[in-house]
Every structure is written in C-alpha cells, then in structure tokens.
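Here are my notes on the backbone and the domain layout. Please read them with the model open.

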Amino acid sequence: MIGAGVVGCAVAYYLARAGVSVTLLEREAIGSGASAHATGSLSLLGAEFTPGASFQIARASYAEFPQLVPELESATGIDLLYQRRPSLRLALDDDEAGLIKSLLAWQQPHVKMRWIDAGEVHAIEPRLSPAIIGAVYEDESAQLDSYRLNLALGRGAELKGAGIRYREVTGLVNDGPAISGVRTAAGDIHCGAVVVAAGTWSWAFTPWLDFPVPVRPMKGERLLLNYPGAPLPVLLSSPRRGHLISRTDGFTSVGSTGGRDYDRKELFWGEEFDRQPTETARLELLRRAIDVFPDLERAELVQQLAGSRPLSPDSKPIIGPVPGRENVLLATGHATKGIHLGPITGRIVADYICRGSTRVVSDMSEFLPDRFADFTDADFSIAAQTVEE
Ligand SMILES: Cc1cc2nc3c(=O)[nH]c(=O)nc-3n(C[C@H](O)[C@H](O)[C@H](O)COP(=O)(O)OP(=O)(O)OC[C@H]3O[C@@H](n4cnc5c(N)ncnc54)[C@H](O)[C@@H]3O)c2cc1C
C-alpha cells in the first residue's frame with residue numbers, strides 16, 4: 001500500500017480485516033495529505049454523483065459507515081465525531097434553486113427527499129437568512145472528522161496486523177509486466193501486489209507504471225469557527241455557498257473553496273501553494289457563510305485549513321487494476337469525495353486482491369484505470385468546475 005490518507009488506510013484496513021498481509025508505506029505521516037483537511041461530509045446530494053454506477057458507489061460507501069464507525073471507535077478508542085443528521089440543501093436565488101431541482105429530478109426516487117419552501121426552512125432553523133427561497137430536505141446525510149477517520153483507519157489496520165513504514169516510494173520493481181515490489185531510499189520491498197493510493201501525488205507513478213495516472217491537485221480551503229450560539233439542528237449546504245456544519249466538538253465548519261474559486265493557473269499550481277491558506281479564501285468563505293446564516297458574524301476564526309484534492313479528468317475516482325501490468329492497482333482521483341468514498345474503495349480493492357473482481361457496483365467501467373489507456377493530456381479545469389466542494 002502506498003499512501004496513508006483515508007483512501008490508502010481504508011484499503012489497508014479492509015485488506016487486513018480480510019486476513020491479507022499488508023505493509024502501508026507513507027512518506028510523511030498518517031493524514032498528512034488532503035484527508036486531514038476535509039470537512040468529512042457524507043452526502044448523496046451534490047452534483048458529483050451522477051445516475052448509475054457513480055450513485056451506486058456513493059450509496060454503497062455511505063452504507064459502510066454505520067458499521068465501520070463503531071467498529072473503528074471500539075478498536076482504536078478514537079472518537080470520530082460522527083453525526084447522522086437530516087440536511088438542508090439551501091437555495092438563496094433562482095440559480096441555486098434550479099441546480100438543486102435539476103438533481104432532485106433523478107435523485108428523488110433513490111433518496112427520501114423533498115423540496116420545502118422558505119417558511120418550512122425557517123421553521124426548522126429561524127436563524128437562517130430571510131433571503132432563502134427554499135431547500136431540499138433529506139435524511140440521509142452524515143458528517144465526521146476526516147483526520148480522526150484517517151488515524152482510526154491506519155491504527156485499525158495496524159491492530160489487524162498491517163505494518164506501517166514511514167518511507168517514500170521512489171519507484172517500482174518490475175519483473176516483466178508484473179510489479180513485484182516498490183523502491184525506497186532504504187531499499188526495495190517485495191510484495192505480491194502494490195496499490196497506489198498516493199492522492200494528488202499518484203501522477204508521479206506514471207513513468208514507473210508506463211501507464212497514465214492522470215490526477216492533478218485541486219486546491220480546497222475551509223474554516224473552523226467558534227460560534228457562541230446554539231448548534232444547528234441540521235447539516236447545511238448550498239450549491240454556490242458551500243457547507244455550514246455544527247460539529248460535535250462544538251466548532252462550526254464552513255467552506256469549502258473549489259474549482260470555481262481559483263483561476264486556472266492557481267488551481268493546479270501544486271501542493272506547496274495548495275497547503276497555504278489564503279486571505280482571499282478566508283474572506284470569501286466567511287462572506288458566503290454569513291449570507292446563509294447572518295448570526296455567524298459573532299463567530300471567531302479558530303483554524304483555516306488548506307489541502308490538495310486528487311482530481312481526475314472526468315472527476316471520477318480511478319480504482320482497479322492497471323491494464324497491461326500485473327499485481328498493481330490504483331486507488332486515487334477521489335476529488336471532493338475521498339472521505340465519503342474511502343470505505344467502499346477499501347472494499348473494492350480488497351475484492352480485486354482477494355477474489356480478482358468486485359460486485360460492489362454492477363459496472364466498474366466508469367472507475368477503472370483502463371478508461372485512461374490513451375490519455376495524453378486534458379483540460380482539468382473542466383472537471384474542476386463539475387465538482388462542488
Ligand atoms: C477543503 C477540503 C474539503 C473536503 N471535504 C470533503 C468532504 O466533505 N467529503 C469528502 O468525501 N471529501 C472531502 N474532501 C476531499 C478529500 O479530502 C480527498 O478526496 C481525500 O482526502 C483523498 O484521500 P487520499 O487518501 O486519496 O489522499 P491524501 O489524503 O492526500 O493521502 C495521500 C498520501 O499519500 C502519501 N504519499 C504521496 N506520495 C507518496 C510516496 N511516493 N510514497 C509514500 N507516500 C506517499 C502522502 O504523503 C499522503 O499522506 C475535501 C478536501 C478538501 C481539501
């Protein structure tokens with residue numbers, strides 16, 4: 001396993017739980033990538049999931065959490081700050097209402113949800129802005145602390161027998177088309193199968209695999225606030241103004257910036273820029289949150305987080321065996337949904353390694369690396385516009 005973010009740690013956990021011998025290699029620390037910065041929102045409502053396999057995988061991963069969370073918490077003693085709550089997806093103008101309703105049309109048969117008017121919205125939460133014109137109300141949402149999830153998956157994998165070694169993978173060991181190990185500065189490590197889950201840095205494996213791994217870093221920032229008022233009774237989000245969540249540790253999370261918020265040059269500048277919080281994002285995120293919930297003016301800023309999401313050219317994750325190679329799989333490109341999709345990615349990769357195939361979704365072709373076999377170049381900014389936060 002290469003990379004100890006939520007995706008790599010989830011794969012290590014599901015493999016170790018299935019009795020497979022696993023070594024997880026991480027160049028920095030567990031949770032040193034995007035997974036430490038995420039909101040930890042688990043929602044089926046955004047624009048990222050599309051009808052068919054994409055929605056199936058989203059539902060399947062969402063369904064993992066009710067069992068996975070207590071399992072990890074009792075094994076590791078880490079409180080994941082998990083909360084299952086109804087959510088409101090708010091519209092403050094006709095543009096947002098149009099976006100929400102266009103998704104509602106195909107999502108409604110699959111998720112119990114309904115459009116409610118401004119009166120009903122304010123009956124649920126009177127402190128919301130009077131500018132709100134309506135919302136979708138639904139009851140299949142959750143949220144947790146993504147860094148704690150990352151730590152718990154890593155520790156959980158260790159407790160099930162996985163080894164964690166802190167070293168950077170600098171190449172792959174080939175035996176013809178088969179990959180038989182990884183190179184590190186401390187020497188080669190031989191293994192039966194390699195899984196690349198290096199998040200936004202997975203692109204570096206392209207020459208070693210002689211196969212394209214098209215992911216680019218897409219910057220995201222969010223804020224943690226100390227708000228003196230009562231916590232919100234529901235999870236809030238809106239297509240143009242992001243999320244607003246009262247966490248169970250008492251802090252309020254607002255954000256996030258995404259593809260729409262940076263110019264093309266900034267958006268893919270790379271990891272060093274991505275890790276730097278910006279004043280522009282801080283002011284913009286506060287403005288958007290106060291638009292939705294004016295009383296947030298009384299809140300204090302506690303922390304600003306910034307990280308790099310691994311974005312693929314079609315904004316879908318890249319999961320499965322690398323064509324033309326043996327014993328190597330990719331688990332990357334999860335963009336804005338790597339926390340939500342981490343558990344199911346773990347299950348899918350474990351299926352491929354233990355059984356050679358998976359039945360998690362009826363058609364995996366939307367996610368397989370194979371779809372990029374002829375990839376040479378792409379305008380990633382198009383994909384960046386299709387994901388929300
Ligand atoms: C502001 C923000 C908000 C977000 N909100 C949400 C949300 O609400 N819900 C959601 O589902 N997702 C959310 N995301 C997206 C989510 O964070 C990512 O999709 C997810 O964390 C990707 O996980 P990963 O394990 O692939 O990558 P990472 O967490 O980046 O982990 C990759 C790891 O690989 C290691 N690595 C890299 N190269 C090597 C190497 N050569 N050798 C060894 N180790 C290596 C890195 O050090 C790193 O630890 C958000 C992201 C951001 C930035």
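1. The centres of domain 1 and domain 2, taken over C-alpha atoms, are 30 Å apart. Domain 1 covers 6-36 + 148-215 + 314-386, and domain 2 covers 86-141 + 219-307. These bounds come from an automatic or database domain assignment.

2. This is a predicted model: local features need pLDDT of at least 70, side-chain atom pairs count only at pLDDT 80 or more, and totals for chains, interfaces and linings use all residues. Residues are numbered from 1 along each chain as its sequence is written.

3. Check the peptide bond between Gly255 and Ser256. It is cis, with omega about -10°. Ser256 sits in the loop between β14 (252-255) and α7 (264-267). Helices (H or I, at least four residues) and strands (E, at least two) are DSSP runs, numbered from the N terminus.

4. Ser315 has a positive phi, near 60°, and is not a glycine. Its place is the loop between β15 (300-311) and β16 (318-321). Is Ser315 buried or exposed? Ser315 is buried, because 25 other C-beta atoms lie within 10 Å. The cut-offs are 20 or more for buried, 12 or fewer for exposed, and partly exposed in between, counting other C-beta atoms within 10 Å of the residue's own, with C-beta atoms placed from the backbone.

5. Ala335 also has a positive phi, near 50°. The loop between β17 (328-332) and α10 (338-355) holds Ala335. With 28 other C-beta atoms within 10 Å, Ala335 is buried.
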